[in-house]
Amino acid sequence: MTTTTPPAPSAPGTAAPAWRRVLAQTGFETRAVLRNGEQLLVTIVLPVLVLIGLTRTSVVEIDTGGLARIDFVTPGVLALACVSTAFTSQAIATAFDRRNGVLRLLATTPLGRGGLLAGKLLGVLAVELVQVVVIGAVALALGWQPAPGGVLAAAGVGLLGTACFTALALLLAGTLRAEGVLALANLVLVLLVVGGGLLVPPEQLPGPLEHLATFLPSGALGEAMRGALLGTGVPPLALAVLAAWTALLAWAAARFFRWQ
Amino acid sequence: MPTSIAPSGADGAAAPLRPAEAARAAVHVQGLVKRYDGRDVVAGLDLVADAGAVTAVLGPNGAGKTTTVECCEGLRTPDGGTVRVLGLDPVADARALRPRVGVMLQDGGLPTGARAGEVLRHVAAMYAAPRDLGELGERLGIGSFARTTVRRLSGGQRQRLSLAAAVVGRPEVVFLDEPSAGMDPQSRHAVWDLVRELRDEGAAVVLTTHLMDEAEDLADRVHVVDHGRVIASGSVPDLLFPDAQDDRTLRFDAAAGLDVTAVAAALDAATPGTTGAWLVTEPQRGSYVGTGPAGPRALAALTAWLADHDVLASRLTVGRRTLEDVFLDLTGRHLR
């Protein structure tokens, strides 16, 4: 690290404190998502529609094991919300920022690459907070009764899932063309919703999907979230799978991400 | 390939700086090498930029200008040579340098979804004591589009916003990559005024350009770059009149294919004692440039020669050599 003495606080060419730089980036990233119509559609409107659709209609067969349908569906929708923000929305935003040189420009300001990453991660968490409030309110209105003891565990699972899917988002955004990321990020979201074990537990998926989804980060996140909020406990296997994916994807993102 | 026409010694780029000079230089690049796919894009480039001066890196497209400044900005790691900015290594000492260095990228790097004013406020938030945004915005005419999203800005508006972002943190060194590309004349002059002001405040301004008038009007020192090397450097007068001789040019348009050697001989004959002083070329079909001691007699000799050969010049001007002439002499006239 550098050993140069920093100039007096008000001197020209002095950086703002690190926390203020990261906070500014967090606010900037969060506003960018909440202002963008398409991003709002994917992160807020889609999960709420899925919640209402799965609760109020029986288009999709789900074996709730005798539990109230809203109690069974809501954890999966929260897992979906986490993936839509941490993965789909973040992958697309970062890919276009990378193509447009935004990442390079910000890397030359006092924010730096580390501050940029921190700001992105906190921005994802801020959007997720908005999602939890909106989805939680709708679910409660529909009669949702989460297991009181599981809320803290669910928050922890959500953090791990966020780390995992943000890493995947950065891996795609940092290696592929922006247009490719746009197509792929939406496609992957749809595939994970339909057959990835997010909403429908892996053991209820047909044939080989059951085994596949169990070991996908989506299936693990869905199972862990359901375990926490249904009060049955977070399955250790799901937690181990999610942690392993997080480590692998974080390594790959750090190794293969190209800034330009 | 011409080598250096700069006066050897003091600010000749190839000569290593004495330690005192190196310490004073805000930017000091020595023997920089950068390869892409095994090809040397920058091949042993030397460059110096001082505080309180505007340094232009002038060269054709693909000469290695952008790669060079990106190495100075810490965005690329050199494959060889040394780069020092304010005495520090742009990659290893990035954290210490970032607050002190302002950067305007060639491709802008502006987030497209945000409003112009918001982008500028955001970049300003990275600094402890940023410039007054109202005053800076007014200088560059940003107020008129502050509420427009970057996506909808014109090329010139984006450039002005990028420049504002580069200088908002009161940097000691400013790198501007093609700052006036895509700008209308009014914007260009606003940008040039700001660049001069930054220099007067003591900043080292390094700008890349292929615009001759930009280098000629703004730069205290010009480094002409081609094929990844500096092929000439010095002040604008140094480059224009390397022999301290106030050569002037006679330009004229006439029928294509005139005997330029005969024209040069006629001009030489009219200016006694200067045999061989005149060089006449036809850079474009039917467009001639004669360089030499262009006095009244030379002018008369030229028109007499044209009259003798029954050629009517459709245009005839007397002027001094421009940086463009020097540049084309150095880098050749073929397209690339």
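Of the 336 residues of chain B, 53% count as buried, a term that stands for under 20% relative accessible area with a 1.4 Å probe and protein chains only. The model is a predicted one, in which local features need pLDDT of at least 70 and side-chain atom pairs count only at pLDDT 80 or more, while totals for chains, interfaces and linings use all residues. Residues are numbered from 1 along each chain as its sequence is written, chains are lettered from A and ligands numbered from 1 in the order in which they are written, and side-chain values use heavy atoms, without hydrogens and water.

Chain B holds twelve helices and 13 strands; these are DSSP runs, helices being H or I with at least four residues and strands E with at least two, numbered from the N terminus.

Strand β7 of chain B covers residues 204-209, and six of its six residues are buried, so this strand is largely enclosed by the rest of the structure. In a regular strand the side chains alternate between the two faces of the sheet. In β7(B), A204(B), V206(B) and T208(B) point one way, whereas V205(B), L207(B) and T209(B) point the other way.

β7(B) has parallel pairings with two strands, where pairing requires at least two DSSP bridges. With strand β3 of chain B (residues 53-58) there are six bridges, and V57(B) stands opposite T208(B). With strand β6 of chain B (residues 173-177) there are five bridges, and V174(B) has V205(B) as its bridge partner.

Note on methods
Buried < 20%, exposed > 50% of the residue type's maximum accessible area, 1.4 Å probe, protein only.
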